[in-house]
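Hi,

Here is the structure I promised to pass on. Have a look at it first, and then read my notes below.

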Amino acid sequence: MAALTAGCRQFPRIKEVRAYVVEGKEGDQGADCHDVADEHWINGNDPSTGRTPIANPMSGYAQYAGARKSWGINAMGGLVVEVEADDGTTGCGVTIGGEAGCIIVEKHLSRFVEGRDPRDVESMWDMMWRATINYGRKGLPIQCISAVDLALWDLLGKLRNEPVYALLGGKTKARLPVYCTTARPDVAKDLGFVGAKIPCPYGPSAGDAGFRKNVAFFAKWRAAVGPDFPLSLDCYMALTVPYAIKLGNALKDHGIKWMEEFLPPDDYEGYKEVKRALAGSGVLLSTAEHEYTRYGFRKLIEDRSVDILQPDITWLGGLTEARRVVAMASAYDVLVVPHGSSVYSYHLQYAFANCPVAELINLSPKGDHMVPYFGGLFPDEPMPEGGYIDLPDRPGFGVTLDRAGLRRPHARPAAVVRANYDANVAEAARDVGPPHMPF
């Protein structure tokens, strides 16, 4: 066999990282699915009954009960990160974070990316994570890392002219089933979704009357969609351990598929206790929309506290960290059904067998028709048809960023960007010295 003499093609380096907020798009939530009109169903306005609260962590405070926007869930706003290579190719990632996130990306994370080879996603992720440990580990800094990481994967797919799912190992399924989170599960059924999830109206502070209303609310929608349509309940961190156990037992006879995020995310022992109490009930338990990095997920997985993990790919650490979580979960036969995140989730789910179904959060104000998860941020965002997502064969994540309304509030001088670039190019060329045992 003839020797292979030709080297691999040269990849451009990453020229610049840019962080944007989105402004001037009235009624277009972009990356923040809660930044919608006050009259929207996701803010506690059930289109079938009028004002119906949605249980949430602030339900115990009367002035904030029911309406999520009242206590500022949308205070940060969306964050768009764009990375550009030397040849002009760009990649895009999104998350929550607003101007505060822009500062983290521009002032801190950029130094670990500019001037780097875009194929080095693992080392860039590790540097960003380690460099933010003192003020990070969860929340906003990890969300910022997520957006940078997703932009890098998008860029890498475009440079290689392949979809991201192909970079992850290719398809494990011909098309991806989708369920719908909505105030109108009857409409979701008519639209062909494979299941639906509805919000829990009341938390423990509403007392026994609220508990009875929760059961009646679920029973009403079960009757509306029939006995065979999968129907789940999103409790959004609003319950306690005793309340969750009581509610799970009350709803098991109404055919609940799973009960979601019923405790605060750090109550690992509580999740384990509820799982133990509801064993054999047929009620599946899910959580982790608000969990971050492999370390938070490891605890849930090893304790066998849940049946379904629901990471948000734009929050937990991006695709680089998500694939580690999915791999860990597969060793314990735990399913991974990501929260929202649209194309960023879809590509991951195509590539892994233990990601069986996707979520579409129906952000039409009354839940009566489908709209893209990211609003107009990506005009070509793929939408489910007949209950399935069939991703087009496009490079990267396969969507185009609409730049209208983007504002870069913390742009750095060109000299600072160039200094980052030159420092990383020089480091790549540095003689590392003689070999040694690294431990």
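A word on naming before the details: helices (H or I, at least four residues) and strands (E, at least two) are DSSP runs, numbered from the N terminus. Residues are numbered from 1 along each chain as its sequence is written. Please keep in mind that this is a predicted model, where local features need pLDDT of at least 70 and side-chain atom pairs count only at pLDDT 80 or more, while totals for chains, interfaces and linings use all residues; side-chain values use heavy atoms, with hydrogens and water left out.

I'll begin with Asp234, which sits in strand S8 (residues 231-234). Asp234 is buried (under 20% relative accessible area, with a 1.4 Å probe and protein chains only; exposed is over 50%, partly exposed in between). Even so, Asp234 has no salt bridge, and Lys197, the nearest side chain of opposite charge, is 4.5 Å away. A salt bridge here needs a side-chain nitrogen of Lys or Arg within 4 Å of a carboxyl oxygen of Asp or Glu. The Asp234 side chain does reach the backbone nitrogen of Tyr236, at 3.2 Å.

Next, the spaces inside. On a 1 Å grid over the protein atoms alone, a cavity is a set of points where a 1.4 Å probe fits but cannot get out, whereas a pocket is an open set with protein on both sides within 12 Å along at least five of seven lines; lining residues have an atom within 4 Å of a point. The largest cavity has a volume of about 130 Å³. Its lining counts 16 residues, and Arg68, Thr181, Asp234, His339 and Ile361 are the closest to its centre. Strand S7 (196-199) and strand S13 (358-361) each supply at least two lining residues, and S7 gives the most, with three.

The largest pocket comes to about 390 Å³. Of its 19 lining residues, Ile73, Gln143, Tyr236, His290 and Trp315 are the closest to the centre.

Finally, the charged pairs: the structure holds 31 salt bridges. One of them joins Glu122 and Arg324 (2.7 Å, N to O). Glu122 lies in helix H2 (residues 121-131) and Arg324 in helix H10 (residues 318-330), so this pair ties together parts that are 202 residues apart in sequence. Arg119 also has a salt bridge, with Asp117, at 2.8 Å between the closest N and O atoms. Arg119 is partly exposed at 32% relative accessible area, while Asp117 counts as buried at 16%.

Key
Points joined across faces, edges and corners; volume = space filled by probe spheres on them. Lys, Arg positive; Asp, Glu negative; His and termini not counted. Polar contact = N/O pair within 3.5 Å; in protein donor to acceptor, adjacent residues only side chain to side chain.
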